[in-house]
Amino acid sequence: MKKKAFQTWAVHAGEDLKNNFGSLSVPVFSASVFAFSDADEGAALHNYEKEGFFYGRLGNPTQQALEKAVAELEGGECAYALASGMAAVSAAILSNVRSGDHIIAPDSMYSTTTLFLGEIGERYGIETTFVNAEDSENYARAIRENTKVLWMETPSNPTLQITDIRRVSETAKTNGAVSIIDNTFATPFNQRPLELGADMTVHSATKYLGGHSDLTAGVLTGNREMVQRARQTIGKLYGGNISPQVAWLVLRGIKTLALRMERHNHNAFAIAHMLNDHPLVSEVFYPGLEGHKNHEIAKSQMNGFGGMISFDVGTAEAGKKLVNSLELCTLATSLGGVESIVQHSASMTHATLSPAERASAGISDGLIRLSVGIEDKEDLVEDLRQALQKI
Ligand SMILES: Cc1ncc(COP(=O)(O)O)c(C=O)c1O
C-alpha cells in the first residue's frame with residue numbers, strides 16, 4: 001500500500017491479506033518449531049541466507065507482522081519485538097557496546113534504565129556519564145574517545161524533560177557513536193526520532209502501543225544492520241523474544257493508536273493548563289505548556305505533546321493525600337493505557353533510588369505523575385479538583 005496519513009497507516013500497518021487467507025486480523029502463529037522443505041533450506045535458514053522461520057525464540061510470523069508495523073510507523077528499516085520494554089532497552093544498549101566502552105545518558109529518566117546502566121558499569125566495566133539532558137551541549141561536553149552510545153529519553157519519565165533530538169543525534173554522528181531514544185512517552189504518533197537523525201528507538205510497548213494495560217512487551221527500531229545485530233546477538237543469546245500471543249495483542253492495540261493518542265494529547269493539554277492555574281500546585285511539567293523549559297524544542301520535534309503530566313504538590317504528605325483522594329484516576333505504577341493512572345514517584349517508581357539520586361533526577365517529595373487516559377476531559381478535571389481540595 002502507498003504510504004498514507006498516520007491515522008490510516010496505523011490501522012493497516014503489518015497487514016498481509018494475501019498471505020493470511022484474507023484474514024483482517026493477523027493470525028496468531030503459536031508454533032515454536034517450523035519445518036524445512038529439505039536439508040539445504042534448513043541450512044540456508046540457520047545461516048540467515050534465507051528469510052523465514054524455524055524456531056520460536058528467533059522469530060515468528062505474528063512477531064514479524066508487529067515488527068513490520070512498528071518499523072513502518074517509526075519510519076525505520078526494521079524493528080525487533082521483545083518480551084518487555086526493558087528487554088528492548090537492554091538489547092539496544094548491549095548490542096552497541098562492549099567492556100571498556102562509554103555511554104552518555106540523562107540524569108533524569110526511567111529509573112530501571114538508570115539501574116541497568118549502573119549494573120553494566122559495575123559488572124562489565126561499561127561506564128555511563130549521566131548528564132542534564134535538557135541542555136544538548138552536555139552530551140557534547142561528556143564525549144570521550146570510547147563513547148559508543150548517546151542515550152535519550154524524551155519526553156522523560158517522570159519529569160517530562162525534553163532533549164533536542166536533532167542536536168544530540170548530530171553529536172553522536174560526528175563522534176562515531178550511535179544515538180538511541182526511548183520513545184515510549186511520545187509514540188510514533190507524536191514523535192519520529194529516526195526522521196530527526198537518531199539511529200535507533202526503543203519502546204515499552206506495555207504502554208501506549210499496547211494501550212490497554214493488558215500486556216508486557218518492547219520493540220526496538222533502526223536500520224537493518226543494527227536491528228539484526230540486536231536480534232542475532234542479544235536477542236538470540238539472552239532469549240528475550242516476544243510471545244506470538246502478545247505480539248498479536250500489541251498489533252491490535254496499534255490499530256487504534258492514532259485515535260487514542262489524539263484523545264490523550266487533547267485531555268492532557270487541558271488538564272496541564274488547569275493544574276498550572278491551580279493555587280495548590282507549585283509546578284507543572286508538561287512540554288505543551290509555554291512555560292516548559294524546552295517548549296520550543298518540543299514544538300520543533302513533536303506533533304503533539306502526549307498524555308503524560310507531572311506536577312508538584314509540595315510535600316510527600318500532600319502527594320500521598322492527593323493520590324488517596326482520587327476517585328476516577330487509578331493509583332497504579334504504569335502508564336499509557338486508556339484509563340487514567342496516577343502515582344507518587346518518590347514512594348513508588350523511584351523508591352529504589354537514594355534521596356540524593358532522586359534529587360539529582362528532579363524527583364521532589366511532592367511529585368505526582370499522571371498518565372491521562374481517554375475518559376471524558378471534564379470528568380478527569382473534576383476528579384483532580386476534588387482531590388486537590390483535600391490535600
Ligand atoms: C520510558 C520507559 N522506558 C522503558 C520502560 C520499561 O518498560 P517495561 O516495563 O515494559 O519493561 C518503562 C516502564 O515504565 C518506561 O516508562
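Helix α11 (residues 257-276) lies across strands β8 and β9 (308-312) and runs at about 10 degrees to β9. Contact requires C-beta atoms, placed from the backbone, within 7 Å, and angles run from 0 to 180 degrees between N-to-C directions of axes fitted to C-alpha atoms, for helices over the stretch in contact. Helices (H or I, at least four residues) and strands (E, at least two) are DSSP runs numbered from the N terminus. This is a predicted model: local features need pLDDT of at least 70, side-chain atom pairs count only at pLDDT 80 or more, and totals for chains, interfaces and linings use all residues. Residues are numbered from 1 along each chain as its sequence is written.

**Sheet**
- An open sheet of mixed pairing contains 5 strands in the order β8-β9-β12-β11-β10, where pairing requires at least two DSSP bridges.
- Strands β8 (283-285) and β10 (330-331) stand at the edges with a single partner strand each, so one side of each has no neighbour in the sheet.
- Antiparallel strands β11 (residues 341-344) and β12 (residues 367-371) are joined by 4 bridges; His-344 has Ile-368 in β12 as its bridge partner.
- Helix α13 (residues 316-325) packs on the sheet and touches β10, β11 and β12.

**Helix α11**
- Its buried residues (20 or more other C-beta atoms within 10 Å of their own, C-beta atoms being placed from the backbone) include Met-261, His-264 and Ile-271.
- The cover over the buried residues of α11 includes α1 (6-12), α10 (244-255) and α15 (377-389).

**Ligand**
- Among the 13 residues around the ligand, Ser-84, Gly-85, Met-86, Ser-204 and Thr-206 come nearest; a residue counts as near if its C-beta atom, placed from the backbone, lies within 6 Å.
- Helix α4 (residues 85-94) supplies the largest share of this shell, 3 residues.

Key:
Two residues are in contact if their C-beta atoms, placed from the backbone, lie within 7 Å. A residue is buried if 20 or more other C-beta atoms lie within 10 Å of its own, exposed if 12 or fewer, and partly exposed in between; C-beta atoms are placed from the backbone.
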